[in-house]
Amino acid sequence: MNSNVPDRRGFLKKSAALAGLAVGAIPFAKGTAHAADNPLPDDPTIEDLSYGARSRFETTYRVHSVGALNANGLRNLTPLQDTMGVITPAALHFLVLREQHLPNIDPREHTLLIHGMVDRPLIFTMEELKRFPSVSRIHFLECTGNSGLMHYKSYLADKKRSPDLTKEMHIIQALHGRTSCSEWTGVPLSLLLQEAGVQKGAKWIVAEGNDSEHHAKSMPLEKCLDDVIVAYGQNGEALRREQGYPLRLIVPGWQGVNNVKYLRNIKVVDHPYYFQSETSAYTNLRPDGKATIYESQVGPKSLITFPCDAHHLKGPGYYQITGLAWCGRGAISRVEVSTDNGATWKDAVLQTPVFNKAHTRFRFDWTWNGSETVIMSRCTNEFGDIQPTMLELAQLWGNNREPHLSGDAVERFWEGANISEFLNNPIQLWKVGQDGSVSDALYSTFNVKV
């Protein structure tokens, strides 16, 4: 035999030995997996690995919402300061429920009724819904009051009342942590409405959930025929209970209250129903005492997530500034970063692909010279809409009144009014101190008393 020709039998023996070594590198002994002959105290069991868990060294978690609302419902906030990329893990997705009870609905018993102004009222089981052609799309969700000055007031009140309990609470999470981004899987609502046959004269739908509150919301039919998803999946698996299991609406780009969880009922109608969540709540109160309703689309918004007030820079040198940008209208086309308190702006790099109505990760290379400064970001969507400063946002409110109010006057109104200033998208400023500390430089400028 030619000595240069490989011995096939010997090769197979060696391959088997190597395969055994690879498999045996993490052996299971008495139900425990370990990386050596002597297992460590925290080695997982076979049962532990049937549904994975993160390392005990990873301690990022959601925190309770600030203020009195947290006592009246289940509300947890996403740790944006620790996020990577654009997808929020389901376990860290923000949570807003108006009750203390978390439904746990058997999908075998859950149905979705579509009725009202339709030719064929229909009832779908979960199994039937999953037989329809599905879509998977990446979209952000944002609570209506996210970033509102009301939450800053609650933040200060909580810090004053319980300084020890809130010492790990940061502005970025307390004020901005009511937004997350996931890949949602389900059936386009337009397809289900097509099956039912929408009648002439229909202009709205009313969606209702199967939670104990039976949360319901009116929405224009035009939006429902566009991009709304009846979702049963999130990030590659079934919805979590806190995200509406087994079925919810995803209304891309619109404020969170529209994304009805535990969805069980869609009625096609010719007018909105003016629920409590559309009249006494989720309205924008103006300084003249009048309120606007059914304002739904989230404006262009960005936020530097590193560095922010949850971080401390170790000294002068290179840092990569990073953050998130999103918009309820189209995709983000540009993010600019200023490292000199807005005197100059430079373009950041956008992580691709950039998705429509989704979080977009941006990155900006920065060499800090150790001097005190203020950093911030602003974004522009594909239609040219630009994220405003807080004063510019206030001026937009003032321009909608007769006579017009100045931006300063509206800001003073916000300081004392007990409202949430819905659909907030101001530029967030972070102050970097000479000692490397990072602190809020926007909300702290308001004269808020608690």
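Mentor: My pick is H64, which is exposed because its relative accessible area comes to 54%. Keep in mind that this is a predicted model, where local features need pLDDT of at least 70 and side-chain atom pairs count only at pLDDT 80 or more, while totals for chains, interfaces and linings use all residues. Numbering starts from 1 along each chain as its sequence is written, and side-chain values use heavy atoms, with hydrogens and water left out.

First, the strand. H64 belongs to strand β3; helices (H or I, at least four residues) and strands (E, at least two) are DSSP runs, numbered from the N terminus. With strand β4 (residues 75-77), β3 makes an antiparallel pair over two bridges, where pairing takes at least two DSSP bridges between the strands. In that pair, H64 sits opposite N76 of β4. The whole arrangement is an open sheet of three strands, ordered β3-β4-β5 and paired antiparallel. β3 and β5 (95-96) stand at the edges with a single partner strand each, so one side of each has no neighbour in the sheet.

Now look for T166. For pockets and cavities, a 1 Å grid is laid over the protein atoms alone: a cavity is a set of points where a 1.4 Å probe fits but cannot get out, a pocket is an open set with protein on both sides within 12 Å along at least five of seven lines, and lining residues have an atom within 4 Å of a point. Points join across faces, edges and corners, and volume is the space filled by probe spheres set on them.

The largest pocket is lined by 25 residues, and V63, L165, T166, E168 and M169 are the closest to its centre. β3 (63-64) gives at least two residues to this lining, and so does α3 (149-161). By type, the lining splits into seven nonpolar, 12 polar and six charged residues; Ala, Val, Leu, Ile, Met, Phe, Trp, Tyr, Cys and Pro count as nonpolar, Asp, Glu, Lys and Arg as charged, and the others, Gly among them, as polar.

Follow α3 next. S154 lies in that helix and counts as buried because its relative accessibility is 17%. Its C-alpha atom is 5.8 Å from the one of V66, although 88 residues separate S154 and V66 along the chain. Then there is K153, which E415 touches along with L149, F446 and N447, leaving aside residues up to four places away in sequence; contact here means heavy atoms within 4.5 Å. E415 itself is part of helix α8 (residues 407-416), and at 14% relative accessibility it counts as buried.

Strand β24 (residues 373-381) runs antiparallel to strand β25 (residues 429-432), joined by four bridges, with T373 opposite V432 of β25. Three bridges link β25 to strand β26 (residues 438-440), again antiparallel, and W430 stands opposite D440 of β26. β25 and β26 make a hairpin with five residues between them, and G436 in the turn shows a positive phi of about 90°.

The structure holds five cavities of 30 Å³ or more, and the largest cavity has a volume of about 280 Å³. Its lining has 22 residues, with V96, R98, G256, N259 and K261 nearest the centre, and divides into 10 nonpolar, six polar and six charged.

Zooming out, the protein chain has eight helices and 26 strands. Of its 450 residues, 50% count as buried. Among contacts with a separation of 6 or more, 70% come from residues 24 or more positions apart.

Methods
Buried means under 20% relative accessible area, exposed over 50%, partly exposed in between (1.4 Å probe, protein chains only).
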